[in-house]
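Trainee: Could we go through this model together? I have some quick questions.

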Amino acid sequence: QFKLDDLYITPFTRQRRYNEEGHVSYVQIERNVHPTGIRVLDDFLRSLSAGHSDVSAFCEHYGARTSDIDSLIFLFTGMRGIDFRQAYQLRMADELLRYTSLGVVDIARRCGFGSRTNLYFAYKRDLHTTPSDRREKLRQQGDEDRYKIDD
């Protein structure tokens, strides 16, 4: 079985680098966008990574049912589909909170939560904290803008 970490595709595409003179540039990072080798599942993971959390819209494209994706997720992870998606979204939100200067509204939208309120309640429900407090806890010196996302 796969763990969330095995299937997670970071939304970041570039990483900050400093040259000898201290000038900043961003270089492309390698991302494994085919973690399972199963096309429909990898497409679904890439969709989540792009912030598209509407499973029915994804399934419509494949002529599948949401229960089909949920069954695949369960078979590969042992997690219910909804639990996997929520954990995936929170993992992405954690990365964005830590490594970007994006506001909470933009992070909520980018992770597929839709609104700041939904993100807030997800953090309160699952981590017993707020997104702002979580950012403060996660962020270390030099983390802000360490990574970039090419849209």
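Trainee: Which residue is the bridge partner of R14 in strand 3?
Mentor: R14 is bridged to K148 of strand 3, where strands are DSSP runs (E, at least two residues) and helices likewise (H or I, at least four), numbered from the N terminus. Residues are numbered from 1 along each chain as its sequence is written, and side-chain values use heavy atoms, leaving out hydrogens and water. This is a predicted model, in which local features need pLDDT of at least 70 and side-chain atom pairs count only at pLDDT 80 or more, while totals for chains, interfaces and linings use all residues.

Trainee: What is the strand order in the sheet?
Mentor: The three strands make an open, antiparallel sheet in the order 2-1-3, pairing meaning that DSSP finds at least two bridges between two strands. Strand 2 (24-28) and strand 3 (147-148) are the edge strands, each pairing on one side only.

Trainee: Switching to helix 7, which of its residues are buried?
Mentor: L119, A122 and Y123 are the buried ones, with buried meaning under 20% relative accessible area (1.4 Å probe, protein chains only). They lie on the same side of helix 7 because they cover an arc of only 95° around the axis, taken from the directions from the helix axis to the C-beta atoms.

Trainee: And what covers them?
Mentor: The cover includes helix 5, helix 6 and helix 8 (131-138).

Trainee: What does Y88 touch, beyond its neighbours within four places in sequence?
Mentor: Y88 is in contact (heavy atoms within 4.5 Å) with L4, L7, Y8, I9, L45, L48 and S49.

Note on methods. Buried < 20%, exposed > 50% of the residue type's maximum accessible area, 1.4 Å probe, protein only.
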